[in-house]
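The following questions ask how computed values lead to the terms used for a structure. Please examine the sequence and the structure before reading on.

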Amino acid sequence: MEGLSFISKMVDHPDPLQDPAICHVISRLKRRTALSKDKYSPVTIEVLRSLLGTLESVCSSPYECILFRALFTVAFWGALRTEEIVANHKNVMQPKLLYLSDLQLTGWSANLCLHTSQIGQERSLIQLGLSREMWICPIEALRVYVAARPQGEGPLFVHLDSRPVTKREFLTVFRRALGLAGRPPNQYGVHSFWLGALVTAWSSWVF
């Protein structure tokens, strides 16, 4: 990124390292001290479109389609980690898991208050904005999802019976959607969404 920043300044482009969105993504990458050595492909906007287009064939009900559309779009645009959006196990509490009360949703933005410390006390804020393409817009996906979500406090992303979505369920739907979209599932993993967010943030500066 520092090399790309140097090239950008040489050709009179803005310095991408000064962009708040890229700074946010980089800071989150730096905090990942135990990254997997596996080589994952990023979920780009094109891949995200393909994933969303397969949900009706992959999911078991209209509600599940709404749920996973919100999950995929928020994971991508928020550069979120799996432990922040889905549970490792359905009956085990996670200090970093997002709850419904951590979401502030308006007609044009969504604020997510993340629990970034091990004890869940330190907070950081991610603000998601409207996308010009409504199909992949996180605000539209969240608006539809929250309207359909079962009432009551609890994890942000839950099934219709209020059970939290687990990591295993998330990866199962993700890999099935990839396969149906003609993408090799073994080239994508749990880190693909935040990696795609970094690639998208950089490309928005280059082009």
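Q: Why is Arg 81 called buried?
A: This is a predicted model, in which local features need pLDDT of at least 70, side-chain atom pairs count only at pLDDT 80 or more, and totals for chains, interfaces and linings use all residues. Residues are numbered from 1 along each chain as its sequence is written, and side-chain values use heavy atoms, with hydrogens and water left out. Buried means under 20% relative accessible area, exposed over 50%, and partly exposed in between (1.4 Å probe, protein chains only). Arg 81 has a relative accessible area of 8%, so Arg 81 is buried.

Q: What makes Glu 83 partly exposed?
A: The relative accessible area of Glu 83 is 24%, and therefore Glu 83 counts as partly exposed.

Q: Why is the contact of Arg 81 and Glu 83 called a salt bridge?
A: A salt bridge is a side-chain nitrogen of Lys or Arg within 4 Å of a carboxyl oxygen of Asp or Glu. For the side chains of Arg 81 and Glu 83, the N to O distance is 3.9 Å. Arg 81 also forms a salt bridge with Glu 84, at 3.1 Å, and salt bridges link Arg 81, Glu 83 and Glu 84 in a network.

Q: Which side chain meets Arg 49 in a salt bridge?
A: The side chain of Glu 133 does, at 2.8 Å from N to O. Glu 133 is partly exposed because its relative accessibility is 26%; Arg 49, with a relative accessible area of 32%, is therefore partly exposed.
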